[in-house]
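This briefing sets out selected features of the structure shown below, grouped by topic.

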Amino acid sequence: MKPGDRLVGLWLLILCGMIFGMVVGGGHARTIGAGFVIQVWQPVTGFIPPRSARDWTRLFGLYQQTAQYKALHPAMTLGQFKTLFWPMFFDRVWGRLMALVFVIPLTIFWLIGRVSNRLALWLLAIFAAGGAQAAFGWYMVQTGLRPGVLSPPPAWLAPHFLSAMLIFAALLWTALTVRQPSAAPIAGAAFLKPWLNACIGLILVTMGLGALVAATNAITVFNTFPTMDGRWVPTGYSSLHPLALNFIANQATVQFDHRLLATLTALITLTTAVLGLRTALPPGPRDAFLALAGLLALQYLLGMVTIISGSPELGFFHELNAVLLLTAAVIARHSLRGATAAPMYSSQIAAAE
Amino acid sequence: MSQAILNAIGTAASTRNRRTVSLWLFAVCFMIWVMVGIGGYTRDTGSGLSIMNWDPIIGALPPLTAAGWNHIFGLYQQIPQYKILHQGMDLAGFKALFWPEYIHRLWGRLIGLVFFVPLVLFALTGKIEARLLPWLGLLFILGGLQGAIGWFMVASGFDPNSVAVEPWRLTLHFSFAMFLYVATLWTALTVRDPVATRLPGQLGLRRWVAGAVILLAITMVAGTFVSGTHAIDVFNPATKAGMGMPPPNYFALQPWWLNMFANKPAVLFDHQLLGTATALTVLVAAVMALRGSAPKPVRDAALVIAALVLLQYILGITALASKLLDVGVAHQMNAVLLLTAFVVMLHQLRGAAR
């Protein structure tokens, strides 16, 4: 079996960890409502923090042009502005740091031949996707200058989060493949692959719907479980026009969709985990299935407790655990790359002959 | 299992007879499980005090005439629960209270019959090993005792100013039911599968599973106090009361130990803390079994306990948040399923060795 490149694999895993860190920073910035506070984008020099009173006045002045400032914080002081500014600033600097951690080792590994041309091109594509993600994030922040837009709009936030997750999953898969280039054959486990594909797809879609819940602040309504204020389908499910608008902007609809799909995802994922744990698997994939089941259980409970308590802080942990759950599903799927159908019994072979 | 041992046990131990006898005992277990549901429903609807008399035999008949109904409604009108909670209730309202309690008692009599009649038949036809007869006879007598405990519990609800039974008597009634259930289930499993398979290297797992089941039992007992004191009333999302944090008035009552049984916020908190500890212990047990070299049936039992403990935790939170009585009953019935999975798993691990 071809040995993997542990160092390159470790570097890519560190990048995955940094994307997770970005979710921590971005989720926190959203939780405290800091998304619109920095209305400048200087991709290169933006890592320099404001130093003089003049810098601060300029930045604060830019924020004062947003509808959010005018409608929600007209009496905000510079001190209050700074407490919102720093988390958002840190989140952006973290993004620039990621770019450096991506490009510098990539260049070195490519030059010394530890990264093949093919892999380098693939990684450059992922890097470009990361750059596009940053630009998309900036345009989302700019929507704050539009009249009446008081927080990052759902139609921007959900794609921003979901594309981050796609980049994360692609990078994680690449890291795992670099560490273990040849797939170990596992007889009789091939049937698990479509199950895990379904899990990953469902988890991603549920996460996208979760981003809509966060963006519409739907956590403030229907703080009951299992019903939504006594009804299984909430009142006002289709109160907006046109109908399609309900699915991204109606708090009742968005929360209902997330609950429904999360339950479906939970059932499919638990079934997958049970099927995996009842199959004879090597220790690596087996532990991935255990982690999948455990994180899924934790995720559902966190979701329930979040909505009952209406606590944005718990919602933040719910968001972070979703990334861990996705990680477990991707690792489980990757560990089964080499899975084959059950070997034929000798009687079947005889019959076939 | 050598053939010599089988011969020594005699014809009663034929595989077919053992299957028949164990099937009968499993049916009794199932009936006890249903009884837990009916009992939970009776408690949640506050029907437990609607029948004022205890006639183990003739009580099997409900009132058949208008005079009969008026008679027992008249009896009910004399107790404090009627005077305090249901003053002015009509006969239809009374019947809604009457039927759950009546069905609960009737089902108890039915369990007695389903236990006793086959027991006699199997004993006469030699289908049961002789050494098992005294044990099964004892279980039958204890089942009768459970009926008496039920009446002992109900009687406490007729005390002056009382609108419900005393919580500790409810705990006794439920705990004794669980003892009977586990005893019957273990007997059924052993009759079906009399010889323990030796499982080297599984001793650690068995000890952990035994620890988890003890925690589960304590949590279930604590749950009966939640139910008996209606501690769920404490829950209030607006003040975060009853949401898993230690309550500020945990030691409101004197002496201190009384808080564990009668102080609602403390009772609820204890059950939540124990529930979380049990859930974590159960998950560790499941992970141990699934990562170790346990045989296939033990692994499957581990998957079942993990799934049931997750469901139990979700049902617990849901019961609290929704205050839906049906969810509370489901939580209680699922606790018995979880206990069942544990007993099955421990039974499979009987032969665990170092």
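Among contacts in chain A between residues at least 6 apart in sequence, those joining residues at least 24 apart make up 79%. The model is a predicted one. Chain A holds 12 helices and two strands, and 47% of its 353 residues count as buried.

**Chain A as a whole**

- Read from the N terminus, the order of elements in chain A is α-α-α-α-α-α-β-α-α-α-α-α-β-α.
- Along the principal axes, the C-alpha atoms of chain A fill a box of roughly 85 × 60 × 30 Å.
- Chain A has an accessible surface of about 16800 Å², and carbon and sulfur atoms account for 71% of that surface.

**Salt bridges**

- Over all chains, the count of salt bridges comes to 11.
- One of them joins the side chains of A:D5 and A:R114, with an N to O distance of 2.7 Å. A:D5 belongs to the segment before α1 (6–31) of chain A and A:R114 to the loop between α4 (78–111) and α5 (117–142), so this pair ties together parts that are 109 residues apart in sequence.
- A:R278 and B:D300 form another salt bridge, and their closest N and O atoms are 2.6 Å apart. This pair crosses between chains, running from helix α9 (residues 251–278) of chain A, which holds A:R278, to helix α11 (residues 296–322) of chain B, which holds B:D300.
- A:R278 is partly exposed, with 40% relative accessibility, and B:D300 is likewise classed as partly exposed, with 21%.
- Within chain B, the side chains of B:R131 and B:E129 meet in a salt bridge at 2.8 Å, N to O. B:R131 is exposed, with a relative accessible area of 67%, while B:E129 counts as buried at 13% relative accessibility.
- A network of salt bridges links A:R286, A:D287 and B:R291.

**Nonpolar patch on chain B**

- A nonpolar surface patch of about 820 Å² is made by B:L110, B:L113, B:F116, B:V117, B:V120, B:L121, B:L124, B:F140 and B:I141.
- Two helices of chain B, α5 (91–124) and α6 (133–155), each supply at least two residues of this patch. Helix α5 of chain B gives the most, with seven residues.
- B:F116, one of the patch residues, lies in helix α5 of chain B. B:F116 has a relative accessible area of 39% and is therefore partly exposed.

- The peptide bond from A:F225 to A:P226 is cis, with omega near 0 degrees. A:P226 is placed in the loop between α7 (192–215) and α8 (243–249) of chain A.
- A:H241 and A:P242 are also joined by a cis peptide bond, where omega is about -5 degrees. A:P242 has its place in the loop between α7 and α8 of chain A.
- A:F222 is not a glycine, although its phi is positive at about 50 degrees. A:F222 is found in the loop between α7 and α8 of chain A, and its relative accessibility of 13% classes it as buried.

**Loop residues of chain B**

- B:N161, a residue other than glycine, has a positive phi near 65 degrees. The place of B:N161 is in the loop between α6 and α7 (167–192) of chain B, and B:N161 is exposed, with a relative accessible area of 68%.
- B:T239 occupies the loop between α8 (203–229) and α9 (259–262) of chain B. Its relative accessible area of 53% makes B:T239 exposed.
- From B:T239 to B:R206 the separation is 33 residues in sequence and 42 Å in space, C-alpha to C-alpha.

Terms used: Residues numbered from 1 in each chain as written. Chains lettered and ligands numbered in written order. Predicted model: local features only at pLDDT ≥ 70, side-chain atom pairs only at ≥ 80, totals over all residues. Heavy atoms only, no water. Patch = residues over 30% accessible without salt bridge, like charges linked within 9 Å, V, L, I, M, F, W, Y side chains within 5 Å. Areas by Shrake-Rupley, 256 points an atom, 1.4 Å probe, with all protein chains shown as cover. Salt bridge = Lys/Arg side-chain N within 4 Å of Asp/Glu carboxyl O. Helix = DSSP H or I, 4+ residues; strand = E, 2+ residues; numbered from the N terminus. Buried < 20%, exposed > 50% of the residue type's maximum accessible area, 1.4 Å probe, protein only. Contact = heavy atoms within 4.5 Å.
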